[in-house]
Each structure stands twice: as structure tokens, then as C-alpha cells.
Amino acid sequence: MTLDRRLTLCAYALFIVAIFAVPLFVDEFGLNRIAKFLVYGMLGIAIALSWGYAGILNLGQGLFFGLGAYMLAMSLKLASPTSLQQGADKPVPDFMLWNAEPGAPTDLCCINKASFLWLPFQHQSVGLVMGIALPVIVAALLGIIVFRKRIEGPFVSIITLALVLLVRLVLVDAQPVTGGFNGLTDLASLEIFGFEFDPYSKGTYWLAAGILTLTLVATRLIVETRAGLVLQAARDDQRRVRYLGFDVSLYQTFFFCVAAAISGVAGMLYVIVAQFASPTFMDLAFSVTMVVWAAVGGRASILGACVGAILINMMEAGISETEALVGAWKAIIGLVFVLTVLFLPRGLAGLLHDQIGRFASVGRDKPRVAHVPMSSAAVTETKEA
Amino acid sequence: MNVSRRHLLKAATLGSASLAAPHIVSRAFAAEPIKVGALYSQTGNLAVAEKLLANGVSMAVAEINATGGILGRPVEVVVEDGASDPKTFSEKASKLIVKDKIMTVFGCHTSASRKAVLPIFEKRGAMLFYQTHYEGFECSRNVIYSGAVPNHQLANYIPWIVKTLGKKKFFIVGSNYIYPREMAKVSKKLIEAAGAQWVADEYLELGHSEWAVMVKKIKESGADVVLSNVVGDSIIAFYREFKNQGISQADIPICATVTSEIEIAAMGADYAAGSYTSFPYFMSLDMPGNKSFIERFRKFVNDPKQVTYHSLEAAYFQVFLWKQAVEKSKDLGAEGIRTGIAGQSYEAPGGKVTIDADNLHCWLTPRIGQWQADGQSKVVDAYPHPIKPLPYFAYGETESNLFCTSKGLDTAKLKI
Amino acid sequence: MIDVLFIGLSLSSILLLVALGLAITYGAMGVINMAHGEIVMAGAYVAVLSGIWLKTSFYVALPLAFLAAAALGWIIERLVVSRLYGRLLDTLLATWGVSMLIQQAIRLEFGLTFLGIHIAGLGTGLQNVAVPAELQGVVNIAGVELNAYRGFIVLVTVVLTALTWFIMYWTSLGMKVRAIIRNPKMAAACGIDVRKVNALTFAYGSGLAGVAGVMMSGFKGVSPDLGSSMVVDGFMVVVTGGLGSLIGTIMASGLLGETNALVAVATNDILARAVIFAAVILVIVLKPEGLFSFKRR
């Protein structure tokens, strides 16, 4: 085991211990808030996987997050007590009544033309399964088309961007079925085997922390498999890998789908923790913001991107709740983004890595370069991630 | 527009302290302050409207503090930024309620943000004061709705358009979300009941500002009046395009439900002159309290040209209704507010308002204003008195057949 | 039918106004400038402020906005973008931060709100730009009623496009820019001051955005988030047209604008927008190099 590897292992262990230790120190509000941040951490992982490892900058990651969120939210909406209060035997979401044609039957099957799509979601398991399945299916279809055509770089970004905006538009327009701009609100808590995941409970926090840990470890292992190595090689030079006989598009599609699945799960977790789903999950700003989280944390590091997402959100919460800065917090966050991209191209993970590397080398042979400013060193070392 | 609200707030409190009798001061500062939340967007695209609402709330609180606070305690506003994003609204609402243990929050502007935070208020037993006119169909016991509901805006409006303006063919246009769609639904019923007809019911994406095709459709539809439920800065682009395509408000007037003094000032009064809006409050109202309200608000935001409008007035007077409720029940909790506020009246800048004991919505006076060349409205029709709010008006709710009462929503009556 | 085509032409012009600047900064320089929309917004605020403080007419705002936006662009280039050449996606992220900064700067009146100072024309609220009377209403040309303001937009777009064309293909600066597009290292080796030319080019592209902002202020409300939705449309036009191709950008904006108008007339505006998104995806999938590109990706 190299020093590097041991350190990485340490960092992962430290992070996992830290998130599981959180409930010892915070109140129920803190738990709920940090659970949300852990969900954002999962989005960071998804971005690091597709951007850092596969070289695919997805500017529409919010699409998969949103799809996952909506799938579970549909089930939870039907389980909500308010859905049973419409005077029908079977649950009907309240917003469908608003949008119904006069005289339509108050029944999920036929209150409007597309409401039958909701029927399977009366079983919560359908929502849970579709929350992963739908993002993966969409990612697979998109991936097969895009990567077979060998489209890369900013072109993939623009396609994903246009797609997420297209879906958002349709989602808002299809108000009778989707709740439109309001999204799906007033949801029930998730219940598995009789255990209710109240958003402020420790149980829900453990769920989020557990899934995040699982994702983190699984993602880390998966990029170290042969497939992961092929993928990284393809990121650096597609043509070379293709000449070696690998079907690059297959690998890209696979990892694109994994990232989509992670985002889908994150979307579901968010619904459990925040109890609503909204078309704003598919806003351009949200998708770009995710990418910035990953960039701040370190796009080439799975743990880094995850921690970056969590830290930025903590910082945002801290600054925006400081009384004097309520109006200015966005400007401060913007400044942090600019400065990070300019001076820490590999993010916090890169900075830490260099620091530790230096520290270790200092320990071994006598100090030589101890006082070179870190940021400039990082800039010269890294050209493109 | 908003200038250092906190700075001014401080100044207002201190200023009042020096003016007020010493015993009030000592009492006010000895007691622990009552904390309330103000949850509006300070950033993002909705900040345009919501920052003013936050100012309305802050000014009301400053005035309450200047006159000795509530129950001898000063009121402290905790301002949080919803950032125009339901995600942030939900998080900040839970911060205010769960972490800061604040029981009363003034806030939200869009239905989307209200819907996102509502479960938190209901599960935690806190009270939301919501000032924006909205589509109805809500009967929460944890919200005081001080803005208009569809029967305030439409019940007199549509018959008036048909009878007084003599219009027969409506073109209904709105932004694509729940409020305009619900307003369109109510309007259609009223239009048909008044013996007129509607020729189209069209929607444009929220925030969309390209009106060329829609206005062309209006021009060619044969409609003689436009009913506009368009919101936000789309309004400006709409009215401008309307004139730019050569349609005169005298031939085809735009009758709006959302267009307020804010949008008129931004588009330029000449584009809107001759069009109509239905609102319970207009800046031009010749009421004793209104002039002083406008003056004080302009001073508060440090902008001598600032306009006032319906939601702002409601954001302001709801704080006083809350004060009266708390003083009556001597209980700061949601239950205390609920029981205390039922039937509570207040002389607002736009006249008397009352919180309905049944559904916690607000009795308001429907008024129709015609926009003039100076950007102000002339009230051309008004009810003589405030009328009862009916949040389920679209589904057949009437004053004698209430759906939403203090026991909650009677779902048996609710038919599509 | 002529009126529909005219609407389409005006939509194309608005797209082109925004995309023209991007075609230069992104297409030519390889900078994904997410703050482009905010530069458009800044241009609109120049119109607001010059109306309030200088009492000058709408027309005067056009050159003023060009200069102000160009200066802003120059500053952004020197401070941020110039450190990021060759790191395409990093320019996207950094300028995203810049766009947040510019928006908040306007909203907070450059921080003066904290001192309790208010400047008329800045701040969160909606601002008004007075449009000259001759640009309101319709003009009658050969029996066809045309929207005067839209006519003016088309005119301004044509002038700016011609100007850009001239600069790019008939001046030595344009030749240097084209050389840098093709091969920056070789251009530098030939003695072109790449840094200076880049800064100038970026400033020019930003200046065009500033003019676009003034034109926007004439038909929509001016607020700090005026430009945030524009940058996406701009990018879609540039990518559809093909990177580095001015003619491609012009053709693509024409295509998307007319499609938008025709679909909107036949169905509705929401569907039209959906069709545009779908069309852009389709074009990139089928012809990733863009519809009219001389340069392979």
C-alpha cells in the first residue's frame, strides 16, 4: 500500500466517521439540514464520476435528480392523507381536482387523460424502483445516442442542458398530471416495513448517511475496476483506447447511467428529507451549481466533490443566515466560485493532496520547497482535469 | 430600491424611543423581544416583488415597536432569504420554526413557495401570514390569508366588463401555472353566466417575454376584451407588444388581475393607459390612512418614487392583525393567533379589513381601477363594503354554503 | 403570412443580438461566458441610468451601453478569463460566479445599500426605460402593418452584424482574430500580441451584448435577472450554427427564430419553445460540427 493510498483510505474513513457522528452534536433541525447536505454530497459524487472520471460534463444532472424525486414523490403524494380527502375511495392528488374539467369523475383512473399513469404509484415500491429505473433508462437512451455518435466535450453539455430545460418545460406545462410549477407538495413520510422516516428523525438521517456511505464506497471501488481504468484512459485519449479494441461508448454509457442512478437516489432521498418535489430541481441554475460544488471540492476526487458540495452548502447556510449578509450572500458565494476556479483548479481535494504530499516529503528529506505558495504550485501542475 | 432596511429599522426604533415616554422605553427594552420571521426572496428573480413585501412587514413592525410593542414586549424580525427557490424556502422555513422556535412567520409570495413550506407549519403548529392574492382551494388552519381570493377579484369584475363595458368576447391569457389557470376556470363560468363568451384560453411560460405571436392571435381572434392573468415581468412585455402591434386599449381593453402599480411604473404609463385591473387596493385610493401610508413607506425604503400596491398593503396590515390577535388572546402560539384573529378588524390603508372566522381568509373590498396616463388608477367601480372571502368559489362555494369552516374542509361538498 | 415571417425575423434578430457576442467569445475564443447574459443586463441598466441621470434619449444609450459593456467585458477578460484560456469548462464555472457577482452588484447598488444610500435606477425593483414615440405602435409599409420597435431591432441587428463582418474580414484586427481562432500559438509566433487581441475581442463581444441589452430594455422589464435566461438561448444558437462561423450563427438564429414563430402561430408558444430545444438537440446529435461550420470540432 502506497502512502497515497493509505491517506485516501484515511480520508474516507474520517469522513464516514464524521457523518455518522453528527447526530451526537446537533438538534433535530441540524439533522434535517445536514441530511439535505448529504444528499447534495451525492450529487457531487455523481458529477465527479461523470466529469472527473469520464470527462463528460453533464449540465443537466438536475434532470436525473428531478426524475428520481418525482417518481418517489408521486407515491408519497398518493399516500398523503390529503389525497384521501377528495371524496373518492382511492387517493387522488388534490391538484388534479383543480385542473379537472368540470364533471370529470373523481377517480385516479380517469380524472384527466393522463392520470392513469399514477395508478401504479399507489404501491410505494413502484415509486422507489422507478426513482432509480427512470433516470437510468433516460441516461441509457441518451448515452447510447450521444456516445455512439462520438459527441464529446461542450456538445454533450449543451445537449444535456437543452434536455433538462425541455423536460422542465413539459413538466410545468403538464400541470394536470404533474402539479405544474407548484410541484408535488404535502407528501407523506416514507414508510418501510412499518418504520416511518420522519424528516427530522435520526432514522432518516441514518438512512441518508448510510446511502451516502454506500454510494461513496461503491463509486470508489467501481472506478478502480478495469472498466473504471478504461474509462479514465478514454477520458484522456478516446482514440487510443478505441484502437486498443475497447468499445468506448459502452463504458461511457455505463458510467453515465451510474451517475444518473446516484442522482436519482439523491432525488428520492431529498424528497424523503424535504417532503416536496419541484420543477425547480430542473432549473439550469441548480444543475450548474452542482458542477461548481464538485469543482470547489475537486472534480477529480469522488470524496472531494462530495465534501465540496457539503461544505459549500454549509457555508451558504451560514452566510445567508448571518443577519448583515442576508442580501450579500450570493455575491460572496459567487466570489468563492471565481477564486476557486482561478486559484484551485483541482479544488480542495487537490490542495489537500499537495499539502499532505509536501508534508510527507518534508518528513522524509529535509525541507527544500517548504515555502512555495500552494495555489500557484497547483496552477502550474494542473492544466486540464 | 430597498435601502438598508435594518439600518432604518434601527433608526426608527431609536427615534421612537427618544420620542416615546420613558416608561415605555424601559419596559420595551427590559422585556425579551417577540421574534417573528420574514421569509421572502431577497435574491433571485422573485426578489423584484418580494423584497418590497419584506419591507412592508419590517415597516409595520417598526411602527408597532415605536408605539410600545406588543404586550409590553418589542418585536424582532428575523429576515431570511428564500432566494426565489422552493428548496431554499423550505429550508429557511424549517430554520425559523424548528431551530429558532419562531411561531409566526410572515412570508412567501408564489403558491409554489407557500405549498413547499406549508407542511412544516402544519406539522410544527406554527402560523404563516400570507399576503398575496392567490387561487384559493386551500383551507389550512395554519395560514392567515390576508390577500384576495378569486371571488374578490372576479365576482364583480366579469359581470362589470360585460354589462358596463359591453364586451362579449373574451380572450383569456395567462402565465402557465396554477393561479392563472384557476382564474381562467372561474372566469369562464362567470363569463358564460353573464351571457358572454370566451374565444381562447392561452398560456405562456412563466417569465416569458416574447409576445409577438400571442398578441397577433389576440388581434385575429375577434375578441373585444382580453382577460389577463399574466404575472411578473412578462406583463411589461405584454402591454408593450400590445401597443406596438397597434391595438388600442379603447378597442380591446386588457382587463387584468395581477397588473399592479409596480408593473405599470416599469412599463411606462402610456402603454397601460385605458386598461383595467381588479384589486382591493390601489395606490390612488383617497383614504385617510393611505396618503400617510404611502409617505411613510417611501421614507422607509428611502425612495421618493416608490409605488405601493395590493400585496404590499396586505403585507403591511397583516402584521397589525397579528398584533391584535396576540393582544386579544395573550398567547403567541398558533392556537392563540387562530382564536384571537377570528373576526379581528383593522383599518388598513385601503379601508377596513377583517379576518374571517370560518376560513381565516380576509374580508376585502373588490374594486376595479382604470389605469390613467399618470400611472395611477381611477376607481371606476367598487363594492360599498368588504365581502366575505370564498376560497372554494371556483367549486361552487357560496356564503350560505361554506366548504371551508373552522372545522376544516368539508370534502363531501367538494365537487369538480 | 408576411407578418408571421416578420415576427420570425424579429425573433431571429433578438437571438442574433445575444448570440453575436457569444459567437465571438465562445465560437472564436473558446470561452463559455456564462456572464454574457449579465453583460446584456448591464447594457439595459445603462439605458435606465442614462435616462434618469443624463436625461438623454433611448438612442444615446446605444453607444453608451456599447462602451460600458465593452469596458465591463475588458475587466472580466483581464481579471478572470485571461487566466483560463485553454480550460474551456473552467471558463464556464468562473464566469458563472462572475454572473452572480454582477447580478448582486446591481441588486445591492454596488454595496451602497449597506450604507443606506439609494441610487435611482438601481436596486432590486423593475426599472423603466422610456421608448421614443416613433418606436411605439406600427409603421405601414406597402400595405403591411409592421411593429415599429421590432423593425428597429432588425435594423440594429443588421447594422451590428455588418459591422462585425467588416471588422472580422476587412480589418487587420479581424485578420489577427481569425488567425488566433485557427491557431493561437502560430499566431503568437507570427508576432500577434495574442493577449491584447484577446482582450479587445472579448471587449467587443461584450459591447455587442450591451447594445442587445438596450434593445431588450425597450420591450421587457429591466431587473437584475434580465439576462439570466438569455445566455442559454445564445449558446444554443452558436452551437447549432457551428463554432467559429459567423455565417453559421446568423443562419442558425434565422432558422430557430422562424421555426419558433411558425410553430407558435400554428400551435402555441410553449410547444414552440419545446420544439426549439428538441431541434437543438437533434442538430447536435446529427451534425455535431454545427450546421454551417468550416472548422471540425
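Start where chain B meets chain A: 32 residues of chain B and 37 residues of chain A take part in this contact. Select the chain B side. The elements giving two or more residues to it are β2 (75-81), α4 (86-99), α5 (111-124) and α8 (178-193) of chain B. Of these, α4(B) gives the most, with 8 residues. Colour the chain B side by class and you get 14 nonpolar, 7 polar and 11 charged residues. Keep in mind throughout that this is a predicted model.

**Helix α8 of chain B**

Stay on chain B and select α8(B). At 1.5 Å a residue, its 16 residues should span 22 Å, and the end C-alpha atoms are 23 Å apart, which agrees. Is the helix enclosed or open? It is largely enclosed by the rest of the structure, because 12 of the 16 residues of α8(B) are buried. A residue is buried here if 20 or more other C-beta atoms lie within 10 Å of its own.

An α-helix has 3.6 residues a turn, so residues three or four places apart point the same way.

Now zoom out to the whole of chain B and colour it by domain. Domain 1 covers 5-148 + 285-365, and domain 2 covers 151-278. The centres of the two domains, taken over C-alpha atoms, are separated by 31 Å. Where domain 1 and domain 2 of chain B touch, 13 residues of domain 1 are in contact with 11 residues of domain 2. The domain 1 side of that contact has 6 nonpolar, 6 polar and 1 charged residues.

**From chain B to chain C**

Select the contact between chain C and chain B. It takes 38 residues from chain C and 42 residues from chain B. On the chain C side, at least two residues each come from α1 (2-28), β2, α5, α10 (246-266) and α11 (269-286). Which element has the largest share of that side? It is α1(C), with 4 residues. By class, the chain C side has 15 nonpolar, 16 polar and 7 charged residues.

**Chain C as a whole**

Hide the other chains and show chain C as a cartoon. It has 11 helices and 2 strands. Following the sequence, the order is α-α-α-α-β-β-α-α-α-α-α-α-α. The C-alpha trace of chain C spans about 55 × 55 × 35 Å along its principal axes. For 297 residues, a compact globule would have a radius of gyration near 19 Å, and chain C has 19 Å, which agrees. Buried residues make up 60% of chain C. Of its contacts between residues at least 6 apart in sequence, 74% join residues at least 24 apart.

Zoom in on the strands of chain C. Strand β1 (residues 138-141) and strand β2 (residues 144-147) pair in the antiparallel sense over 4 bridges. To check the pairing, select C:Val138, which stands opposite C:Asn147 in β2(C). The two strands form a hairpin with 2 residues between them, and C:Ala142 in the turn has a positive phi of about 50 degrees.

Then select C:Gly151, which lies in helix α5 (residues 148-170) of chain C. It counts as partly exposed, because it has 19 C-beta neighbours inside 10 Å. Setting aside neighbours within four places in sequence, C:Gly151 is in contact with C:Val139 and C:Leu146. Draw a distance line from C:Gly151 to C:Ser10: these residues are 141 residues apart in sequence, but their C-alpha atoms are 7.3 Å apart in space.

**Last stop: chain A**

Finish by showing chain A. It has 16 helices and 2 strands. The C-alpha trace of chain A spans about 85 × 55 × 40 Å along its principal axes. With 385 residues, a compact globule would have a radius of gyration near 21 Å; chain A has 22 Å, which agrees. Buried residues make up 54% of chain A. Among its contacts with a separation of 6 or more, 74% are between residues 24 or more positions apart.

Technical notes: Residues are numbered from 1 along each chain as its sequence is written. Chains are lettered from A and ligands numbered from 1 in the order in which they are written. This is a predicted model: local features need pLDDT of at least 70, side-chain atom pairs count only at pLDDT 80 or more; totals for chains, interfaces and linings use all residues. Two residues are in contact if their C-beta atoms, placed from the backbone, lie within 7 Å. Ala, Val, Leu, Ile, Met, Phe, Trp, Tyr, Cys and Pro count as nonpolar, Asp, Glu, Lys and Arg as charged, and the others, Gly among them, as polar. The expected span of a helix is 1.5 Å times one less than its number of residues. The radius of gyration is taken over C-alpha atoms; the globule rule is 2.2 Å times the number of residues to the power 0.38. Two strands pair if DSSP finds at least two bridges between them. Domain bounds come from an automatic or database domain assignment.
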